[in-house]
Each structure stands twice: as C-alpha cells, then as structure tokens.
Amino acid sequence: QVQLVESGGGLVQPGGSLRLSCAASRSISSINDMGWFGQAPGKQRELVATITSGGRTYYADSVKGRFTISGDNAKNTVYLQMNSLKPEDTAVYYCKVGYRDWYKGDLEVWGQGTLVTVSS
C-alpha cells in the first residue's frame, strides 16, 4: 500500500555527481531496512547500498568511498549521494524499503527506477 517515488537520475559526465531520492507516499512506522539496487541492461539487479533503521550502512565494493546512503525520517525519504561517477555506474537504480505492517506483517516495496547514465 506504500508507494516509493524516485527522482534525481539523469545524464552526467564521468567524475560528476548525482543525488537520488526515494520518497514514500506516506509515513512508515516500522522500517527494517532501506536499500538501493542497480541494474544495467542485460545484467542482474545488484545491491549497491543499504541502511538499517539504526543507521548502519553497507556498500558494494565497487562504490565504497564514492556513494553515500542516508535517510531523513521526517521526510520519509532515503537518498543516495553518488560522487566520482564512472561509466560503469550506468544503470537503472531502484530503491527498496523493507518494513513491518501492523496488519500484514513484514513487507517490501520497490520504487519505479530512475536511470543514471554516465558518459562523455
């Protein structure tokens, strides 16, 4: 019943930066974790970064030191700050939120995806 709306994708040159946003349509009382996944054409969807409700983070080796995941509880939004972008970062990025619904139990919801293209 929760909808995630992504924004912030676009075309950037190598070395540039983007900030992706993922906003929930309504507040979620009990979030388990939030994450960003990237999927290049013809490839598997892969985990890029996650953050738990307690603020612990995980990053794929390929983005460590360049990407930062964060959340703003007041705005029901998770962000992915992407710096020093490389052509191999080109992908559709999807956000995911895992949460506990009072009536339906543990659920997960995905955003619609936003395209990031890194090219000169």
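## Overall architecture

From the N terminus on, the elements of this protein run β-β-β-β-β-β-β-β-β-β-β, and the predicted model accordingly has 11 strands and zero helices. The radius of gyration is 14 Å, which is close to the 14 Å that the globule rule gives for 120 residues, so the protein is as compact as a globular protein of that length.

Along the principal axes, the C-alpha trace spans about 50 × 25 × 25 Å. Of the 120 residues in the protein, 39% are buried.

## The four-stranded open sheet

Four strands form an open sheet in the order β1-β3-β8-β7, and the pairing within this sheet is antiparallel. The edge positions are taken by β1 (4–7) and β7 (67–72), each of which has a single partner strand, so one side of each is left without a neighbour in the sheet. From one strand to the next, the twist averages 15°.

At the β7 end of this order, the antiparallel contact between β7 and strand β8 (residues 77–82) is made through six bridges. Within this pair, I69 stands opposite L80 in β8.

## Strand β11 and its partners

Strand β11 (residues 114–118) pairs with strand β2 (residues 10–12) in the parallel sense, over three bridges, whereas β9 and β11 run antiparallel and are likewise joined by three bridges.

## The largest pocket

Rolling a probe the size of a water molecule over the atoms shows where empty space is left. The largest pocket has a volume of about 370 Å³, and its lining is made up of 19 residues, of which G38, E46, S62, E88 and D89 lie nearest the centre. Two or more lining residues come from each of β4 (31–39), β5 (46–52) and β9 (91–101), and β5 gives the most, with three residues.

Sorted by class, the lining of this largest pocket contains eight nonpolar, five polar and six charged residues. Among the charged residues that lie nearest its centre are E46, E88 and D89.

## The second largest pocket

The second largest pocket holds about 280 Å³ of space and is lined by 20 residues, with I31, M34, G71, D72 and N73 lying nearest its centre. At least two residues of this lining are supplied by each of β3 (18–24), β4, β5, β7 and β8, and the strand that gives the most is β3, with three residues. Three of these contributors, β3, β7 and β8, are also strands of the open sheet described above.

By class, the lining of the second largest pocket has 10 nonpolar residues, nine polar residues and one charged residue, while the lining of the largest pocket includes six charged residues. Both β4 and β5 are named among the elements that give at least two residues to the second largest pocket, and both also give two or more to the largest pocket.

Terms used: Residues numbered from 1 in each chain as written. Predicted model: local features only at pLDDT ≥ 70, side-chain atom pairs only at ≥ 80, totals over all residues. Heavy atoms only, no water. Pairing = 2+ DSSP bridges. Axes fitted to C-alpha atoms, helices over the stretch in contact; angles between N-to-C directions. 1 Å grid on protein atoms, 1.4 Å probe; cavity = no way out; pocket = protein on both sides within 12 Å on 5 of 7 lines; lining within 4 Å. Points joined across faces, edges and corners; volume = space filled by probe spheres on them. Rg over C-alpha atoms; globule rule 2.2 N^0.38 Å. Buried < 20%, exposed > 50% of the residue type's maximum accessible area, 1.4 Å probe, protein only.
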